[in-house]
Amino acid sequence: MQDAKQFDWVVFYREVADKLLTYKGNREALISDIRRIFQQAELNLPTLERDNAIVDIDPFTFFGLFNKTSMRPANRLKIVEAVKEILSIDAPVPVSFDSVPVLNPQNATFYYFVGNRGERDIDELWDFFEAALRYAGNPAPANKEDLSHLFDLVIHKKGNGNSKITMGLYWIAPDTYLNLDSRSEWYIYSSGQIPAEVVQSLPAVEDKISAAAYFEIAEGLRAYLQSDASDLKNFLELSYAAWVLSQQVNDEKKADKLRLQQSPKGAVMADDGAETVHYWIYSPGDGSANWDEFYNAGIMALGWGDIGDLRKFASKEEMRQKIKECYNLNNSGTHTALATWQFVREMEPGDIVFAKKGLHLIVGRGVVESDYEFDATRDYYKNIRQVRWTHKGKWEHPGSAITKILTDITPYTDYVKKLNALFAPEEADDGEEQEITYPVYGIDSFLSDVYMSREDYETLTGLLGRKKNVILQGAPGVGKTYAARKLAYSLIGAEIPERVMMVQFHQSYSYEDFIMGFRPSETGFELRKGVFYHFCKTAEADRANVYFFIIDEINRGNLSKIFGELFMLIENDKRDIPLQLLYSNEKFSVPGNVYIIGTMNTADRSLAMLDYALRRRFSFFDMGAGFDTEGFRAYQAGLDSVKFDRLIACVERLNQAIADDEALGEGFCIGHSYFCGLTPAEVTAQTLREIVNYELIPLLREYWFDEPSKVQGWSSRLRDAIQ
């Protein structure tokens, strides 16, 4: 039975929609009010643009701010209350949001970020929004024609699809528009709640439905709902019924599976009609490269997206033939077809999944929570199931794991028992879905940690934003590597390690390590993807956020050999332009939301100059010693050590001598990181002697190897400073 206030959100949402329309010609004001809303709610603003430098926004994305799957009810209420106050909404704040369709937080904007969207993408979303409200108020043929044209336009924009577009329409006028999210689509076409003759009269739901088909479905269902044959009378009641039934079905399946897991061995007999829990071992992408993405999104996914929705295949053989047709496999495709068939036909909600990495590591455990879904908006991994991942970490696999991407291991009871035993000490959390939170990290945090001036920071971030590729160059000890990681966090706005990757180049590093190449396997050689390839694919699947790839000691590798054809792809204006890769028929591009930060040591005289082709694709930022920055001076004052102060003063004089030396120069000055990370208790004579004798003096011997008197003179001065 529905609560009397079950649908009070409708009045509130409709008034919000009307207020939003007044911002169409003044989106700067809307952006300002969004910032005020989140400030008043005391919540972090979600990522709405690269670096959250928001220049434009559409009204559907505004609604998405408080309609996401990962959102805690308390946070949702805070945002809605702030919306009411700042937008001056008269309607009362809703008491319930049950059945209101929600967005996947990984795909929560209706537009791509600057550089990846069309010039009129957001304008067209506003036109669509306005046309939808106009048609809801007056369903005249001319208004329907205008809306249909814009519907077909916006649904084909990258990242949008049936669920998002119809969800957005339903938010603003649920009495007019049918919601076709996954729950409603299942309820209408598969649950058996709608009479078969009605379902058969409706068009099938395609990957990106046309406006004509959408209105035909909506009008067909409206006619049925308004007839005596239906207990439900409108789209609101239909969407609510779909939500309730899908919740009930999922809860019952999970409860049944849990009872079976907890039953004594042999307690459930075959003739009981009970289903058996199946256990699966699964690889989340090549080399587990997509594990973090899938874990954060609460899904498991398979590739082979080019063959389309797996439900259309009547047999494994038909599926295998289509895979062979679409992909140039070097095998029969039998194992691949078995995995895809089982994923869509045999896996069930409540089944247990163990995620693996390679042959010897388990990285997670989860419970399947949905039927198979085909998401055409994803780039490659389009075949998905919702999973509640109960565990994430690293556990040693008992023996060697199966190499296939997905395997039903239920028959191997001893094996299943060993895997279950890995997680026995912990209890899965069946409570409210928890948001993953990360420490906030911004410019002030960076300046406190890195000892760089605010002016230099702004210059550096400006270079990175313009060029997308920056190399931090400087002498030993200026903290280049540390600064690179902290710079990434400051631009992300939080310390999110999943969106930052660091590698170190060396003389043996190759294109095969970086992009892809053939590597030995148990059966000969196999094509394996490299770290940068995997990182780009992860970023490509999460366009709403920025990603940072850090290359430490970038000048130590053979850059022409490592980068290969990526010389062109990493340029700012060549991002998202696909190019044929050396070892594969696949076309690859570097996403626009990937930034590359390299570090190089200017005092390394053994290294050749950087390849000019690479040099012109990077901006170069000189990092010097930070002794005179506000951050270091504050750190120094906090140590309150006379000996430390004398040592720093001596090093600053030494740096002047190094800078004045024609054979050396500023690139060889001693950096501040030799002296960082100390507490007042650690600033002892012994600690300072160790820094001088075992770090600074050996460096001076290398610098002035042919001038021993100069080494001796400065060594004495440094030692005298800490006496």
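**Close-up 1. The buried residues of helix H24 pack against helix H16 (443–450) and helix H25 (642–660).** Contact here means heavy atoms within 4.5 Å, and helices (H or I, at least four residues) and strands (E, at least two) are DSSP runs, numbered from the N terminus. This is a predicted model, in which local features need pLDDT of at least 70, side-chain atom pairs count only at pLDDT 80 or more, and totals for chains, interfaces and linings use all residues. Residues are numbered from 1 along each chain as its sequence is written, and side-chain values use heavy atoms, with hydrogens and water left out.

**Close-up 2. Helix H24 (residues 630–639) has buried and exposed residues.** Look for Gly-631, Phe-632, Tyr-635, Gln-636 and Leu-639, which are buried. These residues cover an arc of only 130° around the axis, so they sit on the same side of H24; the arc is that of the directions from the helix axis to the C-beta atoms. On the other side of H24 you will find Glu-630, Ala-634 and Ala-637, which are exposed. Buried means under 20% relative accessible area, exposed over 50%, and partly exposed in between (1.4 Å probe, protein chains only). After H24 comes Asp-640, with a positive phi near 50°.

**Close-up 3. Five strands make an open, parallel sheet in the order E9-E12-E15-E8-E16.** Strands E9 (500–504) and E16 (619–623) stand at the edges with a single partner strand each, so one side of each has no neighbour in the sheet. Neighbouring strands are turned by 20° against each other on average, direction ignored. E9 pairs with E12 (residues 547–552) in the parallel sense over five bridges, and Met-501 stands opposite Phe-549 in E12. Two strands pair if DSSP finds at least two bridges between them.

**Close-up 4. Helix H17 (residues 454–467) lies across strands E8 (469–474), E12, E15 (594–601) and E16.** H17 runs at about 160° to E16. Helix H18 (residues 480–492) also packs on the sheet, touching E8, E9, E12, E15 and E16, and its direction makes about 160° with that of E15. Axes are lines fitted to C-alpha atoms, for helices over the stretch in contact, and angles run from 0 to 180 degrees between N-to-C directions.

**Close-up 5. Helices H5 (residues 121–137) and H6 (residues 141–154) pack at an angle of about 145°, with axes 9 Å apart.** Among the residues that meet are Leu-125, Phe-128 and Tyr-135 in H5, and Leu-147, Leu-150 and Phe-151 in H6.
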